[in-house]
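Subject: Structure handover

Hello,

Here is the structure you are taking over. Please open it alongside this email, as the notes below go through it part by part.

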Amino acid sequence: MSSPVIRIDTSSHVPPYEQIRAQLAALITSRRLPERERLPTVRQLAADLGLAPGTVARAYRELEAASLITSRRGAGTRVAPLPAPAPAPNPAALAELAWRFITKAEELGADGETMLDAVREALDQRP
């Protein structure tokens, strides 16, 4: 990893590991860090940023759990291949699903605003 720079704002309420995770995730998903690009070792990035190695290790673990990086002993930590974009949803199938939801929600006594609130809440809580 040569050109993109990770910066830590020590005055931020966001923990340093999350700042690292978010910045690397953005670099990877925007493809500014290409597939198979080797990332610095945990110790090297920690030293570069003036942080404890455990902080960087946590960020790397979370990126690996999100399938954005892969780590292998001897091969280092590299940017993982990004999954192919999901196909566009079928509008007719979505409309059918929406109508089934509306019908069931009306059977429960929900009005339109309550249905929208339920959908928004479900979207906010999804993983």
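A patch is built from residues with over 30% relative accessible area and no salt bridge, where like charges are joined within 9 Å and nonpolar side chains (Val, Leu, Ile, Met, Phe, Trp, Tyr) within 5 Å. The areas come from the Shrake-Rupley method with a 1.4 Å probe, and for residues only the protein chains shown count as cover. A salt bridge is a side-chain nitrogen of Lys or Arg within 4 Å of a carboxyl oxygen of Asp or Glu.

The model is predicted: local features need pLDDT of at least 70 and side-chain atom pairs count only at pLDDT 80 or more, while totals for chains, interfaces and linings use all residues. Residues are numbered from 1 along each chain as its sequence is written, and side-chain values use heavy atoms, with hydrogens and water left out.

Surface patch

Phe101, Val119 and Leu123 make a nonpolar surface patch of about 240 Å². Leu123 sits in helix α5, residues 112-125 (helices are DSSP runs of H or I with at least four residues, strands are runs of E with at least two, and both are numbered from the N terminus). Leu123 is partly exposed, because its relative accessibility is 44% (buried means under 20% relative accessible area, exposed over 50%, and partly exposed in between, with a 1.4 Å probe and protein chains only).

The sheet

Strands of a sheet pair through backbone hydrogen bonds, either parallel or antiparallel. Here three strands form an open, antiparallel sheet in the order β1-β3-β2 (two strands pair if DSSP finds at least two bridges between them). The edges are β1 (38-39) and β2 (69-72); each has a single partner strand, so one side of each lacks a neighbour in the sheet.

Four bridges link β2 and β3 in the antiparallel sense. Among them, Thr70 is paired with Arg78 of β3, and Ile69 with Val79 of β3. The hairpin of these two strands has three residues between them, and Gly74 takes a positive phi near 90° there.

Where is Thr77? It belongs to strand β3, residues 76-79. Thr77 counts as buried because its relative accessible area is 11%. Its side chain makes a polar contact of 3.0 Å with that of Ser71 (a polar contact is a pair of N or O atoms within 3.5 Å; within protein, one must be able to donate a hydrogen and the other to accept it, and residues adjacent in sequence count only if both atoms are side-chain atoms). Beyond its neighbours within four places in sequence, Thr77 also has contacts (heavy atoms within 4.5 Å) with residues including Glu37, Leu39, Tyr60 and Ile69.

Salt bridges

Side chains of opposite charge can pair when their charged atoms come close. How many salt bridges does the whole structure have? The search finds six.

- Arg21 and Glu18 meet at 2.6 Å, N to O. Both lie in helix α1 (residues 16-29), three residues apart, about one turn of the helix.
- Glu62 and Arg58 have their closest N and O atoms 3.4 Å apart. They are separated by about one helical turn because they are four residues apart in helix α3 (residues 53-65).
- Arg120 and Asp117 have their closest N and O atoms 3.5 Å apart. They are three residues apart in helix α5, so about one helical turn separates them. Salt bridges that share partners join Glu113, Asp117 and Arg120 into one network.

Regards
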